[in-house]
Amino acid sequence: MQQKQGSKTYDCVILAAGDYPSHSIPLSILRDATHVICCDSAAATYIGKGHTPFAIVGDGDSLPSHIKEQYAHLIHTVEEQEYNDLTKATQFAISQGFRSIAYIGCTGLREDHTLGNISLMGFYLQKFNIQPTMYTDHGTFTPACGTQTFPSFPRQQVSIFRVTGSVLTSEQLRWDSYPYTQLWQGTLNESLENQFTLHSDGLYIVFQTYEEHH
């Protein structure tokens, strides 16, 4: 059984230069997107697969010269080094009026980049007041604050990463949530129903698998 996340629509997709997706859900999100913003070198892969991005954003240091020349009109160079290319692409998306954003290609390759990109989902929610969702080949990362109900299905695997706050409780999960003090403590939970609810006074990030646990 799969969660029908592939049918959800977003204002835009930001494609990063991690592992290109192979699972049908992130691939369908990417295929159906009306606007795809590529982070620098991700543009070469995306264009190589026969697509044209809406924009290419970054510091330009990892773009092949032939792409720089052919797609110069799509490139938005940001020189400052405070933020990484994913955040630069996010700021560009916001400048275009996009608020609901899917992130793809943000994991794989270097593990420090993967951890950093996952944590950025919570930063974007709070700092930029947008709703980001990261799609991997295994599931989704969704940041949330306060009380939120998540669409789900029985036996879906769920992991919860508390970022801030002193309160965290859950409904419709196999094991009751609590204010975790370690990242691993909220992992490997399981949904019991077609939705579950989390209550918190802070920020947390939820991972949900596409397939049920067997």
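Tutor: Happy to! This is a predicted model with an average pLDDT of 93 for the protein, and 97% of the residues score at least 70; pLDDT is the predictor's confidence in each residue, from 0 to 100. Residues are numbered from 1 along each chain as its sequence is written, and side-chain values use heavy atoms, leaving out hydrogens and water. Local features need a pLDDT of at least 70 and side-chain atom pairs count only at 80 or more, while totals for chains, interfaces and linings use all residues. One stretch to treat with care is residues 1-6, where pLDDT stays under 50.

Now to the rings. Searching the whole structure gives 11 aromatic pairs. Here, rings of Phe, Tyr and Trp (its six-membered ring) pair if their centres lie within 6.5 Å; planes under 30 degrees apart count as stacked, over 60 as edge-to-face and the rest as tilted. Phe123 and Tyr124 form a tilted pair, because their ring centres are 6.2 Å apart and their planes meet at 55 degrees. Phe123 is partly exposed, at 30% relative accessible area, whereas Tyr124 is buried at 0% (buried means under 20% relative accessible area, exposed over 50%, partly exposed in between, with a 1.4 Å probe and protein chains only). The rings of Tyr178 and Tyr180 make an edge-to-face pair, since their centres are 4.6 Å apart and their planes stand at 65 degrees. Tyr180 is buried, with 4% relative accessibility, while Tyr178 is partly exposed at 38%.

Let's stay with Tyr178 for a moment. Tyr178 belongs to the loop between strand E10 (168-171) and strand E11 (189-190); strands (E, at least two residues) are DSSP runs, numbered from the N terminus. Not counting residues up to four places away in sequence, Tyr178 touches Leu168 and Gln185, where contact means heavy atoms within 4.5 Å. Ser28 is 150 residues from Tyr178 along the chain, and their C-alpha atoms are separated by 35 Å.

Back to Phe123 and Tyr124: ring pairs link both of them with Tyr83, Tyr103 and Phe128 into a cluster.

Finally, some rings have a charge above them. A charge sits over a ring if NZ of Lys or CZ of Arg is within 6 Å of the ring centre and within 35 degrees of the ring normal. Lys49 lies over the face of Tyr20, 4.7 Å from the ring centre, and the charged end of Arg174 sits over the ring of Trp175, at 6.0 Å from its centre.

Key. Helices (H or I, at least four residues) and strands (E, at least two) are DSSP runs, numbered from the N terminus.
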